[in-house]
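These are my notebook entries on a single protein chain. I set down what I looked up, in the order in which I looked it up.

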Amino acid sequence: MRVWAYEEKDTWIHRLSGVTKLFFLLAWILTGMLSFDTRVLLAMLAGSVLIFRVSGTDWEQAGDGVKFFFSALLLFLLAIFLADPYKGAEIYGTRSDLFHIAGKYWLTKEQIFYECNIMAKGLSVILTASVFTSATDPGELAASVNRIGIPYKIGCRMAAALRYLPERQTALRERKNVRGKSLISLPASGNGRMREKRRVMEVRGYGRHRKRTWYGGKKLTGADCAVMAVTAAVSALFLWITFQDGNRFYNPFVK
């Protein structure tokens, strides 16, 4: 089984238009980026886990990709701490030291809370992205976004990216125990395959015109409109909760 690859299944998420799933993903990412309200981020994380389960996405299918990005997220959190160990104290206006690590580095409750919020953001995005890639047919996505007026060339690039992700992730899984030169050559070989696909698409005339005849596109249905309406309403609610007091950081340290 290829990781992060589309797999046809009979779930209501798979039956939605690619436009709807793309709208949800972008709205989810934007809301997560803007919010630092812990209540909102935990609700988004719980929603992402629920969507992951409902979509029928297998852990074998998405697990390696999730673990890869989770490892990158942990490194990012470590880099934040090393660069500014008191960023949390600065944001929340208090400093509660837990213990001394070394030199100028003290671990504080505020820093842990701040970085846990970032982790919730990252996990939410990782899970929803894995559902998007495994439940969205690349060809159908390209056709559907073209139906609503997005240039054909952009739709083709979206489809190419979705088809390319599984190849890259499969290569990473196959070479995860390989060190040195093979790991260094992996990005170069992957980029070479991407350039080859782009050349083939250009030879076949992909992207030459704004539109073409599509056979795989889906018209927006009532279910699609309902999902997009609920997504917009939930995102608006979450952003209202975040900014209602004029500060996007939920602060449990100040009574």
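Entry 1: a polar contact. I began with the side chain of Thr20, which makes a polar contact with the side chain of Asp224 at 2.7 Å. A polar contact is a pair of N or O atoms within 3.5 Å; within protein, one must be able to donate a hydrogen and the other to accept it, and residues adjacent in sequence count only if both atoms are side-chain atoms. I note that the model is predicted, that local features need pLDDT of at least 70 and side-chain atom pairs count only at pLDDT 80 or more, while totals for chains, interfaces and linings use all residues. Residues are numbered from 1 along each chain as its sequence is written, and side-chain values use heavy atoms, with hydrogens and water left out.

Entry 2: I located Thr20 in helix α2; helices (H or I, at least four residues) and strands (E, at least two) are DSSP runs, numbered from the N terminus. Is Thr20 buried or exposed? I recorded a relative accessible area of 1%, so Thr20 is buried (under 20% is buried, over 50% exposed, partly exposed in between, with a 1.4 Å probe and protein chains only). Setting aside residues up to four places away in sequence, I found that Thr20 touches Leu220, Asp224, Val227 and Met228, where contact means heavy atoms within 4.5 Å. I also looked up Thr221, which lies 201 residues from Thr20 in sequence and 9.9 Å from Thr20 in space, C-alpha to C-alpha.

Entry 3: Asp37. I found Asp37 in the loop between α2 and α3. Its relative accessible area is 2%, and Asp37 is therefore buried. The side chain of Asp37 makes a polar contact of 2.7 Å with the side chain of Arg39. Beyond its neighbours within four places in sequence, Asp37 is in contact with Ile241, Thr242, Arg248 and Tyr250.

Entry 4: the largest pocket. I read its space as about 380 Å³. On a 1 Å grid over the protein atoms alone, a pocket is an open set of points with protein on both sides within 12 Å along at least five of seven lines, a cavity is a set where a 1.4 Å probe fits but cannot get out, and lining residues have an atom within 4 Å of a point. Grid points are joined across faces, edges and corners, and a volume is the space filled by probe spheres set on the points. Of the 19 lining residues, Trp12, Ile13, Phe24, Ile51 and Val227 are the closest to the centre of the pocket. Which element gives the most to this lining? I noted α2, with 5 residues. The lining divides into 14 nonpolar, 4 polar and 1 charged residues (Ala, Val, Leu, Ile, Met, Phe, Trp, Tyr, Cys and Pro count as nonpolar, Asp, Glu, Lys and Arg as charged, the others, Gly among them, as polar).

Entry 5: the largest cavity. I counted 1 cavity of 30 Å³ or more, and the space in the largest cavity is about 40 Å³. Its lining consists of Trp28, Gly32, Leu41, Met44, Ala120, Lys121, Ser124 and Val125. α6 gives the most to this lining, with 4 residues.

Entry 6: the whole chain. I recorded 10 helices and 2 strands, and buried residues make up 40% of the 255 residues. Among contacts with a separation of 6 or more, 77% join residues 24 or more positions apart.
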